Structure formats: structure tokens, C-alpha cells
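Let's walk through this chain together, starting with the overall build and ending at one spot on its surface.

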Amino acid sequence: MASNAQLGKIILISAIAAFFYYFFWVAVLPFMLIDEGNPIRLFFPPLKYAFIVPTVFGVIFLGGIAAFSFYHIWSLRLKRD
């Protein structure tokens, strides 16, 4: 089992890698003067997904926070009554 420091390094490296992948996908790739058949483009989905995927994950994340909050507020109300 990994220690907390090792786990933190793994999470940090994963987050940095995801950030650079997304940054290259959204900010660099659309402005590169390469054709559609270039092998670089095989590593990236179409650009429309660059905005759809984070939006869906954001809605799921905010919905999860809202459900968690409502559950705890509801359980506190039931305990109080």
C-alpha cells in the first residue's frame, strides 16, 4: 500500500498530465497548421468533446455535492424532530 506522500505524488502527476493534455487539446491543437490525417490528431477526440466532457463532469460533481448536502440537512432535520 502506498504511503500518503506517494499517493499525493501520483495524484499530482496525474493532475498535471491531464491539465497539459487538455491544454494542448483546446489551446494548441486547433491552431496548428496540420491536416486531418496527421498522426498527432489520432491522440485527441474532436474538439466539440473538449467542452462537452468537462461540462458533464461538472454537472455530475455539483449534483453530487447538492445531493450530499441535502441528505445531511434532511438527516439533521429528522434527528432534531
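What follows goes from fold to record to surface.

This is a predicted model, where local features need pLDDT of at least 70, side-chain atom pairs count only at pLDDT 80 or more, and totals for chains, interfaces and linings use all residues. Residues are numbered from 1 along each chain as its sequence is written, and side-chain values use heavy atoms, with hydrogens and water left out.

The protein chain has two helices and zero strands (DSSP runs numbered from the N terminus: H or I of at least four residues for helices, E of at least two for strands). Its C-alpha atoms fill a box of roughly 65 × 35 × 15 Å along the principal axes. Of the 81 residues, 7% count as buried (under 20% relative accessible area with a 1.4 Å probe, protein chains only; exposed is over 50%, partly exposed in between).

Now for the record: UniProt, in an unreviewed entry, puts "transmembrane region" at residues 12-34 and 49-74; its positions are given in the numbering used here, the feature names are shortened, and annotations may be inferred rather than shown by experiment. In the model, residues 12-34 are 74% helix and 0% strand, with end C-alpha atoms 32 Å apart. Residues 49-74 are 100% helix and 0% strand, and there the end C-alpha atoms lie 37 Å apart.

Finally, look at Ile 60, which sits in helix α2 (residues 49-80). Is Ile 60 buried or exposed? Ile 60 counts as exposed because its relative accessibility is 55%.
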